[in-house]
Structure formats: C-alpha cells, structure tokens
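Welcome! Let us take a friendly walk through a protein model, one neighbourhood at a time. Please have a look at the sequence and the structure first.

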Amino acid sequence: MKHKIIISAAIALVILLLAVAIGSIFVHPWEIVRIILHRTLGLGCVEDISNANNAIIWNLRLPRVLLAFLVGAMLSVSGAIMQSVLRNPLASSFTLGVSSGASLGAALVLFTGLAFLPMMTLPVAGFAMGMATMVFAITLASRIDGMMENNTIILMGMVISMFINAVTTLLMALNREGVQRLIFWQLGSFSMQNWMPVVLLAPILLVGILVTLRYNRELDIMTFGEDNARTMGVNLRLVKWALLLIAAGLTGSAIAFVGIIGFIDLVAPHTVRRLFGSRHIVVIPLSAIFGGSLMVVADLVARTITPPNELPVGVVTALIGAPFFAYIYFVGRRRANA
C-alpha cells in the first residue's frame, strides 16, 4: 500500500509543479522550487529571479494551485465515503443537498445585501446552509426510518434538494441584479484566491482523512451490505451519522470558498477503486491524491484554454464527468440485467 501512495504522491507533485509553471508567463520548475524553499525555510538566494516571477508564483499561482488540490481532495474523499456508506456508485454529498443548500446560502447573501465582506460572508453562508441541509435530510430520514436505510436517506436528500433548488430559483427570479454573480459562483472558480483558504482547508482535509481512516474497517464491511454489517457488530446508525457528517463537512468546506464543482467526487473514487482495489485504507488517501491532481489539471485547462479569458472550472469538470457518469450508470444497469 505504501509504495502505491508514494508513487501517486510523486506524480501529484509533478502535476502541481507543472500547473504552477504554466501560464501566460512560463516559469521554470526549478525556479519555483527555489522560491518555495526561500519563502518557507529561508534557504537559498532568489536575487537572480525577477520580482515579477517571484510575485506571480508566490502570490498568485501557488495558492491557487494548492487550493485546487485541496478542494479536489476534499470532494473526492467525501465522494468515496458517500458511495460506500450508501452503497450507491452515483452517490455524493451533493445527492443529500449540500450543493443546493450552499447555493441558497449564497443567494441569500448576494440578494439581501449582506455581502459586506464577500471573502467571508459567502463562504460562511455557503458552508452553513450546505451543512444544515444535509443534517436536516439525515435527521428527517432517521425519524421516518429508524434503521436509516440507504434508500430512505437518498430519497430525503433528493426531495429536500429539489425544494431548496425551487426556493433558490424563486429568489433568482425576484432579484435579477445578482443572478450573474450567483451563476458564476455556482459554476466554481479558483480565480482571485489567496493563501487564507489554503491555510483554513489544509487542516480540515487532514483531520477528515484521519478520522475517516479510523472507520476504514466499518466502511469495508458496509460495502457488503447492511445485514452483514449488523451481523458483524457495526453500529450502523452511529457510523452512518459520523461518516455522513464528515463527508458533508469536507464538501461544505471545499465549495464554500470556490463555489459548486461537480463530478470530481464521482470520477476520482471510482478510478481509484478500479486501479487499486476497494480497501478503504487505500481508497481514502489515494482518492485525495487523485482527486486533487484531477482538479489541478481541470483548473489548468480552465485558465489556459481560452486566453486571456478564463472558463469556470465547473464547466471543465462537467465535460469530463458527465460522460463518466453516463458510463457508470449504463454499465451498472447492464450488469444488473445480466
């Protein structure tokens, strides 16, 4: 297991360096390494590197690329958790209303004039409403079905998501001025980001991975069915609550700063399971590495494919993820009918 993670981490590091290097001005990867060592550890001398390159790397590209990696990793770990807990290959935190709740929170901020500090009020509102929506969905499912069956949880999430989406659409119809900004936020973007979200999200991702790995045995057992899990002594109600809240926290934290970015949480865990097996002690860290790297590549495409304009990164991930989504769905149906 260790060598797989080490090799994957090395490939991810190369992707990160290339993503920082590529842009309107190409900066040699060795210069990037020197700037990072000098800024973080005070090692070496960077007097031969232009002030422009120094500022571009440290203030613009590096925080953006690291943020893209963190967001991709958080969404992918969340997706891996949801697919295992709900035993549904198409499940994600978005299934249970995190995205719809976050959109409503953002709409309330933009349409009511509360965005006096956009860098903080939007993330806080998006995170709070996204988490609240999912907690409400799980609570309602547990009240209706004491066993918290997976189908009940998914159904409640879908119903609540549709209702909240309708409320958001109503707000958009009544407040035309902020619609364009809300739509751009919903499509997701890493532009104009600084080091603050990176510093905030890095420990959240680390804690989320470590706590999830604490439940790796339960996740492995739950993939074989709820009856088998109960037979083997798994407290399904407690474990589901804990893991679903971890997944919601990771997703809510990730989309709070950059908007809604879909399909990464679907593509990354499935690819990891296909390549490395289904043991969650491997799936969780590798999903983080693979999902983070995929998000970095998607953001690189978004900001370089149509210069000087920039595409919303959610558009790029949708172009990648939608065919993947269809493939999983139709292959799953074919196997079920076989």
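## Met222 and its neighbours

Met222 touches Ser84, Val85, Arg87, Ala229, Leu236, Val239 and Lys240, leaving out residues up to four places away in sequence; touching, or contact, means heavy atoms within 4.5 Å. Met222 itself is found in helix 9 (residues 216-222). Helices here are DSSP runs (H or I, at least four residues), numbered from the N terminus.

Is Met222 buried or exposed? With a relative accessibility of 3%, Met222 counts as buried. The cut-offs are under 20% relative accessible area for buried, over 50% for exposed, and in between for partly exposed (1.4 Å probe, protein chains only). Met222 and Leu17 are 205 residues apart along the chain, and their C-alpha atoms are separated by 38 Å.

## How to read this model

This is a predicted model, in which local features need pLDDT of at least 70 and side-chain atom pairs count only at pLDDT 80 or more, while totals for chains, interfaces and linings use all residues. Residues are numbered from 1 along each chain as its sequence is written, and side-chain values use heavy atoms, with hydrogens and water left out.

## The nonpolar core

The largest nonpolar core has 101 residues, and Val71, Phe190 and Met295 touch the most other members. Such a core is a set of buried Ala, Val, Leu, Ile, Met, Phe, Trp, Tyr and Cys residues joined through side-chain atoms within 4.5 Å. Helix 3 (residues 51-85) gives the largest share of this core, 17 residues.

Which residues does Met295 touch? Not counting residues up to four places away in sequence, its partners include Ala68, Val71, Phe190, Ile261 and Val313.

Met74 also has its place in helix 3. It is buried, with a relative accessible area of 0%. Beyond four places in sequence, Met74 is in contact with Leu201, Ile204, Leu205, Leu250, Ser253 and Ala254. Met74 and Ser253 are 179 residues apart in sequence, yet 8.3 Å apart in space, C-alpha to C-alpha.

## Two helix pairs

Two packed helices are described by the angle between their axes and the distance between the axes. Axes are lines fitted to C-alpha atoms, for helices over the stretch in contact, and angles run from 0 to 180 degrees between N-to-C directions.

Helix 8 (residues 195-214) and helix 11 cross at roughly 165°, and their axes come within 10 Å. On the helix 8 side, the contact includes Leu201, Ile204 and Leu205, and on the helix 11 side Leu250 and Ser253.

Helix 12 (residues 264-276) packs against helix 13 (residues 280-304) at an angle of about 130°, with axes 8 Å apart. Helix 12 is therefore oblique to helix 13.

Arg87 counts as partly exposed, at 47% relative accessibility.

Phe263 sits in the loop between helix 11 (236-258) and helix 12. Phe263 has a positive phi of about 80° although it is not a glycine. At 26% relative accessibility, Phe263 counts as partly exposed.

Methods. Helices (H or I, at least four residues) and strands (E, at least two) are DSSP runs, numbered from the N terminus. Angles under 35 degrees count as roughly parallel, over 145 as roughly antiparallel, 65 to 115 as roughly perpendicular and the rest as oblique.
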